[in-house]
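My notes follow in the order in which I took them.

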Amino acid sequence: HGLLVKKNHEYEINHVDVAFSALHGKSGEDGSIQGLFELSGIPFVGCDIQSSAICMDKSLTYIVAKNAGIATPAFWVINKDDRPVAATFTYPVFVKPARSGSSFGVKKVNSADELDYAIESARQYDSKILIEQAVSGCEVGCAVLGNSAALVVGEVDQIRLQYGIFRIHQEVEPEKGSENAVITVPADLSAEERGRIQETAKKIYKALGCRG
């Protein structure tokens with residue numbers, strides 16, 4: 001098994017022992033490249049097609065997490081031809097492309113008259129839109145690794161914003177990191193709070209069928 005490569009008007013199969021994908025975003029994290037590996041019979045590191053696709057779609061991630069007993073913000077899915085009534089929401093809300101990353105197309109909406117513009121902006125990146133109730137608090141993260149019940153969890157990190165919302169890969173000089181945020185490791189939380197976050201991360205990881 002391997003990749004079919006055309007060279008000098010001839011085709012040859014290049015054998016691949018294992019693929020370690022470091023791709024980010026669409027086609028890299030949404031099950032596309034994972035599907036190519038599966039069809040090519042190439043073993044690969046990381047999540048399979050199904051879990052990759054679910055994790056890339058924020059609305060599906062919320063549904064799975066909620067069914068697993070994980071608290072989520074209130075959220076609404078807006079499809080291509082939907083026209084939501086702005087007055088039905090309690091503001092502020094966040095409007096996001098459901099299947100994008102790095103905060104592309106994300107806007108915080110503070111009033112009803114800002115909603116239509118935010119939805120149209122998000123639709124530049126995806127036809128499926130997520131409207132999410134804003135939650136007051138700090139943003140934390142926690143890496144999870146493993147394929148069995150004995151999962152390895154990383155230290156909890158915390159994102160501190162200087163202004164606006166967290167963005168990445170949209171800076172004037174991306175190699176210097178985020179322009180408006182500082183990431184603190186470990187998070188400025190008690191050991192008990194960090195432990196709860198790590199246990200929650202493992203529960204979500206298992207519910208989504210992740211591996212790697």
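**Entry 1: a helix across a sheet.** I began with helix α4 (residues 115-122), which lies across β4, β5 and β6 (129-133) and runs at about 25 degrees to β4. I took helices (H or I, at least four residues) and strands (E, at least two) as DSSP runs, numbered from the N terminus. Contact in these notes means heavy atoms within 4.5 Å. Axes are lines fitted to C-alpha atoms, for helices over the stretch in contact, and angles run from 0 to 180 degrees between N-to-C directions.

**Entry 2: ground rules.** This is a predicted model, in which local features need pLDDT of at least 70 and side-chain atom pairs count only at pLDDT 80 or more, while totals for chains, interfaces and linings use all residues. Residues are numbered from 1 along each chain as its sequence is written, and side-chain values use heavy atoms, with hydrogens and water left out.

**Entry 3: the four-stranded sheet.** I then traced the sheet that holds β4 and β5. Four strands form this open sheet in the order β3-β6-β4-β5, with antiparallel pairing. At the edges I found β3 (75-78) and β5 (107-109), each of which pairs on one side only. From one strand to the next the twist averages 25 degrees. I counted two strands as paired if DSSP finds at least two bridges between them. Strand β4 (residues 93-97) and β5 run antiparallel and are joined by three bridges. In that pair, Val93 stands opposite Val109 of β5. As background, strands of a sheet pair through backbone hydrogen bonds, either parallel or antiparallel.

**Entry 4: the three-stranded sheet.** Which order do the strands take in the open sheet of three? I read β7-β10-β11, and the pairing is antiparallel. The edge strands here are β7 (139-141) and β11 (181-184), each pairing on one side only. The twist from one strand to the next averages 25 degrees. I went through the two pairings in turn. β7 and β10 pair in the antiparallel sense over three bridges, and Val140 stands opposite Gln158 in β10. Strand β10 (residues 157-161) pairs with β11, also in the antiparallel sense, over four bridges. There Leu161 stands opposite Ala181 of β11.

**Entry 5: Thr184.** I picked out Thr184, which lies in strand β11. Is Thr184 buried, partly exposed or exposed? Thr184 is partly exposed, because its relative accessible area is 25%. The cut-offs I used are under 20% relative accessible area for buried, over 50% for exposed and in between for partly exposed (1.4 Å probe, protein chains only). Leaving out residues up to four places away in sequence, Thr184 touches Val156, Asp157, Gln158 and Arg160. Thr184 and Arg160 are 24 residues apart in sequence, and their C-alpha atoms are 7.5 Å apart in space.

**Entry 6: Tyr11.** I looked next at Tyr11, whose place is in strand β2 (residues 10-15). Tyr11 counts as exposed, because its relative accessibility is 56%. Not counting residues up to four places away in sequence, Tyr11 touches Leu4, Val5 and Lys6. I also checked Tyr11 against Ala187: they are 176 residues apart in sequence and 52 Å apart in space, C-alpha to C-alpha.

Entry 7: At what angle do the axes of helix α2 (residues 49-56) and helix α3 (residues 58-67) cross? The axes come within 5 Å and cross at roughly 105 degrees. That makes α2 roughly perpendicular to α3. I used the classes roughly parallel (under 35 degrees), roughly antiparallel (over 145), roughly perpendicular (65 to 115) and oblique (the rest). Ile54, Cys55 and Met56 in α2 meet Lys58, Leu60, Thr61 and Val64 in α3. By class, this contact has five nonpolar, one polar and one charged residues. Ala, Val, Leu, Ile, Met, Phe, Trp, Tyr, Cys and Pro count as nonpolar, Asp, Glu, Lys and Arg as charged, and the others, Gly among them, as polar.

**Entry 8: the chain as a whole.** The chain has five helices and 11 strands. Its C-alpha atoms fill a box of roughly 60 × 45 × 40 Å, taken along the principal axes. Of the 212 residues in the chain, buried residues make up 34%.
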